Amino acid sequence: MLGSVPAILTYYWRMKMPETARFTALVAKNAKQAASDMSRVLEVELEAEQEKLEDSSPENDYVLFSKKFVSRHGLQLLGTCSTWFLFDIAFYSQNLFQKDVFTAVGWLPAPKKMSALEEVYRVARAQSLIALCSTVPGYWVTVLLIDRIGRFVIQLQGFFFMTVFMFSLAIPYYHLRGQPCGDKFCHGHHLTFIILYSLTFFFSNFGPNATTFIVPAELFPARLRSTCHGISAASGKAGAIVGAFGFLYAAQSTHISEVDPGYPKGIGLKNSLIMLGVCNALGFFFTLLVPETNGISLEDLSGETGDRYEKFASGRPNRTMPSEV
């Protein structure tokens, strides 16, 4: 319930903010209000030019899922939805698998050897170590490079290296984990196991965990931007559900004697990791549907400036910014 407090505060402060000037001007066609809102935000005096809005092209006034929208943004919406969906399957599954991974490499003793509070403490300590060494650095590398190498490259290489390291974990899984010896696993390569596992988190954050929510906010026209971003985000949450519940069952052992109480037999952790690698690989290919948005104005990306839209929306994703922008 404590999580509702920041949400309520966010809602209050959002209600105190003005609507974006792009929406007010391009959709509501109220240049005076847009200029007034921007004057308050920028603390400069702006002049409203209503006549320019009246002369804007009516061909941009299409609605969601119209033929015009599908022809211009259909594949882009498919790209943003599918990549967010596939990424969240892998990302949330990895978080659930952490306890099993920590047990395999000896960071956690057998559950029967520790109390519930001790287990919470040990899992939290291990997760904090993974976060400090991989997750957080991945975010900061994204912050440093996202406006230099672009969203498309970051997302593509993120999915690529997540795939590589996930398969590097999954294929030699039993070799890296070692063989059971009592309550532990012996003769494995636990340090290598943890490093490879940490690198998947590093490239998830220096990759699609950052770009999947940035790109939909830049790619679509002002009148549909929030809606398309919401559809993309909802697809991600659907992927999170699949990852949180589907793979929780799938990761159960293939031997009934090793299955957790209350669960049926699954396909095992190794095969589950292989499936997550496949999800990452699919995310790599679906990223090709999403154009580069770095350095391009929102109006040019969405086609609200007329003919120049074709230079950005047609063909393969743009990796460089046109000289006229």
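**Helix H7 and its partners**

Modeller: H7 passes helix H13 in a left-handed crossing. The model is a predicted one. H13 covers residues 268–286, and its axis lies 8 Å from that of H7, at an angle of about 160°. Angles over 145 degrees count as roughly antiparallel, so H7 and H13 are roughly antiparallel to each other. On the H7 side, the residues that meet H13 are Leu156, Phe159, Phe160, Met162, Thr163, Met166, Phe167 and Ala170. On the H13 side they are Lys270, Leu273, Ile274, Leu276, Gly277, Val278, Asn280, Ala281, Gly283 and Phe284. Sorted by class, this contact has 13 nonpolar residues, four polar and one charged.

Helix H9 is another partner. H7 spans residues 151–170 and H9 spans residues 190–205; their axes come within 8 Å and cross at roughly 160°. That angle makes H7 roughly antiparallel to H9. The crossing of these two helices is left-handed. H7 contributes Gln157, Gly158, Phe161, Met162, Phe165, Met166, Ser168 and Leu169 to the contact. H9 contributes Phe193, Leu196, Tyr197, Leu199, Thr200, Phe203 and Ser204. In this contact there are 10 nonpolar residues, five polar and no charged ones.

Met162 and Met166 of H7 are listed in the contact with H13, and they are listed in the contact with H9 as well.

Notes. Residues numbered from 1 in each chain as written. Predicted model: local features only at pLDDT ≥ 70, side-chain atom pairs only at ≥ 80, totals over all residues. Heavy atoms only, no water. Axes fitted to C-alpha atoms, helices over the stretch in contact; angles between N-to-C directions. Helix = DSSP H or I, 4+ residues; strand = E, 2+ residues; numbered from the N terminus. Parallel < 35°, antiparallel > 145°, perpendicular 65-115°, else oblique. Left-handed = near helix turned anticlockwise from the far one by under 90°. Contact = heavy atoms within 4.5 Å. Nonpolar A, V, L, I, M, F, W, Y, C, P; charged D, E, K, R; others polar.
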